[in-house]
Each structure stands twice: as structure tokens, then as C-alpha cells.
Amino acid sequence: RTHHKIKFQRQKHRMMDSKLIIHPRPLDILCGRGRATHCYSGNVFFRSIVACHLPKYASTNTSKMPKTEVVISVIRECLEQGCRFIKKDTAKGCWVELTLQAMKIKVGHALRDACSDMIRIVEPSIPPTDAARSQTWNDIDLQTTFFEPKKLKPGGVKV
């Protein structure tokens, strides 16, 4: 527990030293929960980049290095396109850029979430092997299946 507390404090200090952002740009990737963040143009764009890298991420073996390389390539592509990974600092009333480590965490979560969504849909119809899953990635339109903004009924229920 102490290790996590120290790590959080270091992260907080790095964020305090970051450049402050008053208004997010259209391609900024916002950290947070909820429909506004999910539907933000930068986050939709981010999910489309994740979709492009998902087959490679899913087909890599279980070792950490190949998956880390995919995470780094997603971050690199986002930054090259002009995206910034930002988080709301409620104490200061503005946005701050994430550190590289926080970017890796966010991208890793996005890839794992997309993989688990895909496996939940595909798994019943194919054997649970990496090779069988990899073959199936090519047969599904990842963009429209997983990364379009979800339509909600009034009250927040998915349609």
C-alpha cells in the first residue's frame, strides 16, 4: 500500500509541473468517465486508433514486451496526429497533460477493454485459442462494432 501511495504522490507532483490547459482541443484525449468524455471527438478518434492496433495486440503472445510495444505505438500515433492526453484538475479548474506512464496506463486499459469486449462477443463461436481469435479479428468491422459512440436511451440505458 505504501508503494502505491508514493507512486501516486510522484504522479501528482509531475502533473502539477505540467503545462496547464484551459480548453481541450478537438483531438485531445480526455481522461474521465461518462458520456461527455466518451463522446468527445478526441476520444472517438483515440478509439479508432486503438481499433487499428487491436488485431496486433490480441495476436501477440502473453509476454509483456510485445504488448508494451503496441501500447507505445498507439501513444506515438496519437501524439503524431496532434492529440494530447489530458486530465481535469478540479483543484485548479483546468486540464493538465498526463505523464508518459499515465498515457501507457490509459492506452493499456483501452486495449484490454476492447479485447475483452471482442472476446465476449466472439468467444462462444470459436475455440479459445489466440490463433483462432486472431483469425476472427479480420472478419469483424472493429470500427463500427466497438468504437462508435454508444447510443443511450433517456436515463443512460444502452440501446
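Reader: Before we start, what counts as a charge sitting over a ring?

Author: A charge sits over a ring if NZ of Lys or CZ of Arg is within 6 Å of the ring centre and within 35 degrees of the ring normal. The model discussed here is a predicted one.

Reader: Which residue lies over the face of tyrosine 57, and at what distance from the ring centre?

Author: Lysine 67 does, at 4.4 Å from the centre of the tyrosine 57 ring.

Reader: Which residues line the second largest pocket?

Author: Tyr57 and Lys67 are both in that lining.

Reader: Changing topic: how many aromatic pairs does the structure hold?

Author: The structure has one aromatic pair. Its members are phenylalanine 46 and phenylalanine 85, arranged edge-to-face with 5.8 Å centre to centre and 85° between the planes.

Reader: Which parts does the pair tie together?

Author: Phenylalanine 46 belongs to helix H3 (residues 41–59) and phenylalanine 85 to strand E3 (residues 85–89), so the contact links parts that are 39 residues apart in sequence.

Reader: What about serine 41, where is it found?

Author: Serine 41 is in helix H3. Serine 41 counts as partly exposed, at 40% relative accessibility. Between the C-alpha atoms of serine 41 and arginine 25 there are 9.2 Å in space, while the two are 16 residues apart in sequence.

Reader: Now the sheet. What is the strand order?

Author: The order is E1-E4-E3-E2, in an open sheet of four strands with mixed pairing.

Reader: Which strands stand at the edges?

Author: Strand E1 (20–21) and strand E2 (29–31) do; each has a single partner strand, so one side of each lacks a neighbour in the sheet.

Reader: In what sense do E3 and E4 pair?

Author: E3 pairs with strand E4 (residues 94–97) in the antiparallel sense, over four bridges. Tryptophan 95 in E4 has lysine 88 standing opposite.

Methods. Residues numbered from 1 in each chain as written. Predicted model: local features only at pLDDT ≥ 70, side-chain atom pairs only at ≥ 80, totals over all residues. Heavy atoms only, no water. Phe/Tyr/Trp six-rings, centres within 6.5 Å; stacked < 30°, edge-to-face > 60°. Helix = DSSP H or I, 4+ residues; strand = E, 2+ residues; numbered from the N terminus. Pairing = 2+ DSSP bridges. 1 Å grid on protein atoms, 1.4 Å probe; cavity = no way out; pocket = protein on both sides within 12 Å on 5 of 7 lines; lining within 4 Å. Buried < 20%, exposed > 50% of the residue type's maximum accessible area, 1.4 Å probe, protein only.
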